[in-house]
Amino acid sequence: MIVCVAVVGHQNNPLYIQSFTEADDALKLHHIVHCSLDVIDERVNNPKKSGPLLNETFLGLLYPTENYKVYGYLTNTKVKFILVTTDLDVKDADVRNFFRRFHAAYGDAVSNPFHVPGKKITSRTFAESVSTIVKAFGLSSAG
Amino acid sequence: MGREVSESCIDSLVTEMVFSFCNRFYADKSDLAARRIEAIGYQVGHQLSERYTMERPRFSDHLEAIKFICKDFWSEVFKKQIDNLKTNHRGTFVLQDNRFRWLSRMSVEPSLETGQEGENKATEAMSMHLYFPCGIIRGALSNLGIPCAVSADISNLPACSFVIRIKA
Amino acid sequence: MQFFGGSDISPSPPAPTAAGHNANVMYMFNRNGVCLFYREWNRPLRTLNPQQDHKLMFGLLFSLKSLTAKMDPTSADKGNLGVPQLPGQGCSFHSFRTNTYKLSFMESPSGIKIILVTHPRTGDLREALKYIYSLYVEYVTKNPVYAPGSPIRCDLFNTNLDQYVRSIS
Amino acid sequence: MSRASGPRSGDAIFASVERVNAELFTLTYGAIVRQLLTDLEEVEEVNKQLDQMGYNIGIRLIDEFLAKSNVSRCVDFKETADMIAKVGFKMFLGVTASVTNWDADGTCCSIVLEDNPLVDFVELPDTCQGLYYCNILSGVIRGALEMVSMKTEVTWTRDMLRGDDAFELQVKLLKQVPEEYPYKDDD
């Protein structure tokens with residue numbers, strides 16, 4: 001199950017963060033997202049470590065914690081997407097599929113003429129799409 | 001293939017936008033009109049580069065990003081690629097389109113009555129139409145992390161060169 | 001300028017040569033009577049200044065349209081001669097011929113009038129005028145620096161038109 | 001004018017004209033609206049200017065519409081409104097509009113649009129509640145109809161950006177203007 005997704009701007013400014021747990025662990029999740037940013041920066045700035053994923057938008061598993069797995073994605077426009085899940089057995093294809101759909105939803109949200117680049121995403125349509133994509137996560141491994 | 005509209009929609013919208021800003025909103029203040037038109041292009045380019053770079057690896061340097069503008073981006077927007085790309089390897093790139101779509105139907109008549117003054121006016125009117133595509137290029141590159149200045153030059157209609165100077 | 005009849009002594013014009021010499025002049029007017037365009041390929045005789053000439057041509061069309069509609073035997077519902085009409089209303093003429101030239105005419109519902117004067121032996125030019133109208137759409141209305149309603153000064157229109165009228169036979 | 005070949009369908013014309021990605025058009029329009037809101041400040045003024053821009057576009061586009069659709073006469077308002085909705089919207093925007101709500105004397109109707117490329121991606125901010133975002137369309141219709149001698153008043157009665165289930169434009173024919181002889185006799 002996905003417990004948190006986040007969009008972070010190129011100056012590490014949060015653009016969107018949404019958790020999907022009943023429990024009151026928002027702070028903890030925010031902290032995880034925050035820590036993952038450093039991992040992304042390190043990977044991107046030290047290409048050797050990223051190995052075969054060089055320049056690919058999908059950054060793969062950023063780091064596993066005891067209870068969560070954290071995945072990252074970095075767009076060509078230097079925007080980071082973070083996915084935090086509690087699933088232990090996650091298929092790579094599912095995560096890639098998730099990010100592809102998430103990126104499309106993000107692309108539409110920033111295409112709203114009233115969206116100001118670098119400002120938080122407040123779109124209701126975006127929130128709805130994200131919720132749909134999150135719910136569909138892992139349901140079709142084929143995607 | 002996504003949604004399409006007739007080319008006349010975008011052509012007439014851009015024509016009217018340039019006309020309104022130059023003749024209604026900022027009549028006789030062509031520099032202000034130019035800045036607004038460029039800003040509109042900037043927003044469009046910024047948004048388009050997000051859309052057109054989905055599902056492709058990140059660019060590793062400026063040249064790769066410029067090549068993307070010349071090929072994929074230009075094809076999406078103008079249905080053809082840039083014909084010629086030149087660079088001085090110090091941050092200046094010249095993109096030449098031998099048949100720039102938005103100039104392909106633009107023409108005036110060399111006229112004896114209007115003379116030099118008329119000629120200058122016609123040239124200025126034409127050049128106002130270039131701020132929009134310049135803004136698009138600047139917005140697209142800026143969103144890819146490449147701040148730059150873009151200018152355009154109509155050498156020989158309908159050919160057009162865009163000069164990109166990347167800010168250090 | 002004589003539009004009807006003509007005289008028998010005037011020499012017959014040469015038979016249409018190979019394509020390329022059949023168009024004499026062309027006029028375009030908009031719905032407000034503004035002469036948007038005038039071009040001549042072959043008009044040896046000059047008797048009027050351009051403004052008078054345009055006005056005369058527009059007046060002729062205006063009266064002829066009114067007259068032809070008035071004469072229409074299929075329509076009972078028509079105003080008096082000279083009563084203004086909507087473009088496209090009633091029937092309309094599309095050409096007339098004298099012994100020295102033929103005048104072909106079309107009017108779009110938007111009031112754009114195209115008049116082409118050619119050699120008297122040229123055929124039905126209705127499709128040709130439609131094509132010229134489409135050239136106008138392509139190279140005039142879609143020219144970003146053309147202001148609607150102003151005289152047409154578009155190089156691309158001239159070139160394409162010149163090329164096309166050479167093919168008229 | 002020849003009426004031998006009848007008007008062409010909007011689908012056939014749309015299939016034959018040069019087309020571009022709708023997003024370029026959609027985003028350009030959006031950026032213009034946003035720039036006008038910044039420059040003109042008053043939402044009312046933006047509505048007015050969008051309508052004016054549409055009017056200017058309409059008087060240019062009418063000839064392309066007539067030339068490509070092969071429509072040779074626009075004398076009857078009912079027929080013309082139908083053509084604009086069914087052929088005009090399709091050949092330019094690629095969407096179908098319908099005509100409904102005719103009044104008894106045939107001088108007022110509604111053009112209904114369920115799909116509208118102008119508003120893809122658009123969400124109105126709370127500060128723009130009075131904005132008729134698509135006002136350019138009403139201007140285009142007004143301008144185009146005026147060129148075929150019909151003075152009209154075009155107003156929005158439904159707007160999906162304001163929560164309605166469709167876009168609806170009310171088109172009211174004010175008068176038909178005959179062509180007049182523009183020269184004075186003693187000119």
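**Helix packing and chain contacts in a predicted model**

Helix H1 (residues 7–25) of chain B packs against helix H2 (residues 30–52) of chain B at an angle of about 150 degrees, and their axes lie 9 Å apart. That makes H1(B) roughly antiparallel to H2(B), a label given to angles over 145 degrees, whereas those under 35 count as roughly parallel, 65 to 115 as roughly perpendicular and the rest as oblique. Such axes are lines fitted to C-alpha atoms, for helices over the stretch in contact, and the angles run from 0 to 180 degrees between N-to-C directions. The crossing of H1(B) and H2(B) is right-handed, a term used if the near helix is turned clockwise from the far one by less than a right angle, the anticlockwise case being left-handed. On the H1(B) side the contact is made by B:Met17, B:Val18, B:Phe21, B:Cys22 and B:Phe25, and on the H2(B) side by B:Ser30, B:Ala33, B:Arg36, B:Ile37 and B:Ile40; two residues are in contact if their C-beta atoms, placed from the backbone, lie within 7 Å. These residues divide into 8 nonpolar, 1 polar and 1 charged, where Ala, Val, Leu, Ile, Met, Phe, Trp, Tyr, Cys and Pro count as nonpolar, Asp, Glu, Lys and Arg as charged, and the others, Gly among them, as polar.

The model is predicted, so local features need pLDDT of at least 70 and side-chain atom pairs count only at pLDDT 80 or more, while totals for chains, interfaces and linings use all residues. Residues are numbered from 1 along each chain as its sequence is written, and chains are lettered from A and ligands numbered from 1 in the order in which they are written. Helices (H or I, at least four residues) and strands (E, at least two) are DSSP runs, numbered from the N terminus.

H1(B) also meets another chain: its axis and that of helix H3 (residues 43–69) of chain D come within 10 Å and cross at roughly 135 degrees. That makes H1(B) oblique to H3(D), and the crossing of these two helices is right-handed. B:Ser8, B:Ser12, B:Leu13, B:Glu16, B:Phe19 and B:Ser20 in H1(B) face D:Met53, D:Asn56, D:Ile57, D:Arg60, D:Leu61 and D:Glu64 in H3(D) across this contact, whose residues comprise 5 nonpolar, 4 polar and 3 charged.

Among the 5 pairs of chains that touch, chains B and D have the most contacts. Here 29 residues of chain D are in contact with 27 residues of chain B, and H2(D) gives the most to the side of chain D that touches chain B, with 12 residues. By class, that side of chain D has 17 nonpolar, 5 polar and 7 charged residues. Chain A and chain C, by contrast, do not touch, and their nearest C-alpha atoms are 25 Å apart.

The largest nonpolar core has 149 residues, and those with the most contacts inside it are B:Ile37 and B:Ile69; such a core is a set of buried Ala, Val, Leu, Ile, Met, Phe, Trp, Tyr and Cys residues joined through C-beta atoms within 7 Å. H3(D) gives the most to this core, with 11 residues. B:Ile69 touches B:Trp74, B:Ile137, B:Ala140 and B:Leu141, not counting residues up to four places away in sequence.

D:Asp165 lies in the loop between strand E4 (150–158) and strand E5 (167–176) of chain D. D:Asp165 is exposed, because 9 other C-beta atoms lie within 10 Å; 12 or fewer count as exposed, 20 or more as buried, and numbers in between as partly exposed, with C-beta atoms placed from the backbone.
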